[in-house]
Amino acid sequence: MTEPPRLPGGGFAAWSRDRLALARRGAEECGDVWQLEPGVYVAAAAAPCEAVLRRAQDFPKASSPLFPPLKRSSGAPTPEERAHAHAARMRGLRPQAVAARIGEIAPGTARFVDQWPTGQDVEILPPARHALAEIGVRYLFSEDAPTLLPFASQLFLAREVLVRPSRWAWPRWIPTPARRFRTRQQVAFTNALRPIVRRRRSSGRLGDDMLGQMLRPSSRYGLLPEEAILDTLPGITVATFETPSRAAGWILLHLARHPQAADRVAAEAALLPADPAATTSTHLDSLQYTQALVREVLRLHPPSWLLTRRARRRTQLAGYTIDAGSTVLVCPYTAHRDAREHSEPDRFQPERWLDDSGSPARPGVFLSFGTGPHGCEGAALAMAMLTLLTAQTARRYRLSEPPGPEPGYQVTTFEGLAIVGLRLRATLRSRGWSRFQ
């Protein structure tokens, strides 16, 4: 059996100390695939990362949802129910569905900008997350969003508590305090959602939001059972604003650090309608540089920077033999810094996405939303939210970091690549500023 090279001084002890540095060192010293410890491998380059994510039969995604289905009399969801629920969600999340509702997404990004205090250093991620949560929950539940938003916020808090680093790895069946808290919040959200589902079905007014799409019968599966709807929505509700919230911090930081790029975004955004509700998919498509900037930030700082897969059977990866049961860590963070795919890979250069060679559809080039059968369902929604948030912010403000040599934030890598405690200052752009300057 041919084993990938193993990084000296690696293993989980070193991994827990500085994950980003160790991943980068492994990619540089050991190549495309390397061994962290026996039975644990890291896919570090673009090609093997793409291969693992697309070969779902060989490397299936582990079934360990943060919001597992609640106990019910009918038992666990069947494979058919899970497939039906996925198809129903995608009716509301596919790019065409998102494009049709841009006018509902844009006002939330404008409200975030309107509420940003100017002339003072502000910890900006909490209000950004709240704004994105409002947008995401409204996208899912329309007029019922105000009822469900407080419960969605508690679901997010439950997730944060659940994924905090711990000295102990408890078996899944042990009801730890964090898991009990998670279950209480999931039950509360489900209890608030259940009467909404029943009211819509009994009235026949299903709605055009994602919940309405899930309530519509499928020609293949028929009606999705109520419990299957209630099982699937806690996770997707948190997902609509969790990853965008991580990404928003990095985007706002880059607007502050790259004022010329921010000016170019502002020039594009100047053409957006004065009334955000009048924004259409055509306006969104016109924000080409803004989308390139968002994609470049996501390349350099992918929120889901490390994905876990387990080999179902003995197989080959990048010329190495991977035994059944082995864990393979897919690392978009290092894949995005593969010089074979991106010239000057550590350089912030949004323009790389504006020419034909920078197509995100090229294999391995852009993995921030995953790829293959388990790619992110909400990728189109996340890109729309982040693009409009970026455009509205740059249109109104110039951003800057607090003075001083030390960064005003901390980088965290547990569960996702994020910055904590980010403080920025917003200064209004002058009235005379225009896209011709």
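Helix α16 (residues 379-396) lies across β8 and β11, running at about 95 degrees to β8. Contact here means heavy atoms within 4.5 Å. Axes are lines fitted to C-alpha atoms, for helices over the stretch in contact, and angles run from 0 to 180 degrees between N-to-C directions. Helices (H or I, at least four residues) and strands (E, at least two) are DSSP runs, numbered from the N terminus.

This is a predicted model, where local features need pLDDT of at least 70, side-chain atom pairs count only at pLDDT 80 or more, and totals for chains, interfaces and linings use all residues. Residues are numbered from 1 along each chain as its sequence is written, and side-chain values use heavy atoms, with hydrogens and water left out.

## The three-stranded sheet

β8 and β11 belong to an open sheet of three strands, ordered β3-β11-β8, with antiparallel pairing. Two strands pair if DSSP finds at least two bridges between them. On average, neighbouring strands are turned by 40 degrees against each other, direction ignored.

β8 and β11 (residues 423-428) run antiparallel and are joined by four bridges. Across this pairing, L399 stands opposite A426 of β11. Strands of a sheet pair through backbone hydrogen bonds, either parallel or antiparallel.

## The β4-β7 pair

Strand β4 (residues 307-310) pairs with β7 (residues 327-330) in the antiparallel sense, over four bridges. R310 has T327 of β7 as its bridge partner. One face of β4, L307 and R309, is covered, while the other, T308 and R310, is uncovered. In a regular strand the side chains alternate between the two faces of the sheet.

## Nonpolar cores

A nonpolar core is a set of buried Ala, Val, Leu, Ile, Met, Phe, Trp, Tyr and Cys residues joined through side-chain atoms within 4.5 Å. Buried means under 20% relative accessible area, exposed over 50%, and partly exposed in between (1.4 Å probe, protein chains only). The largest core holds 110 residues, and I105, W116, L193 and L233 touch the most other members. Helix α11 (residues 226-257) gives the most to this core, with 15 residues.

Neighbours within four places in sequence aside, L233 is in contact with F141, F189, L193, M210, L211 and M214. A second, separate core has 15 residues, including V52, L307, I322 and V330. In soluble globular proteins, nonpolar side chains tend to be buried together.

## Cysteines

Zero disulfides turn up in a search of the whole structure. A disulfide is a pair of cysteine sulfur atoms within 2.5 Å. C30 is in none, and its nearest cysteine sulfur, that of C331, is 13 Å away. C30 is buried, at 14% relative accessible area.

C331 is buried, with a relative accessible area of 0%.

## Two positive phi values

Most residues other than glycine have a negative phi, and most peptide bonds are trans. A318 is not a glycine, yet its phi is positive, about 55 degrees. A318 sits in the loop between β5 (315-317) and β6 (320-322). Its relative accessible area is 47%, so A318 is partly exposed.

E344 is not a glycine either, and has a positive phi of about 45 degrees. E344 is placed in the loop between α15 (332-335) and α16. With a relative accessible area of 47%, E344 is partly exposed.
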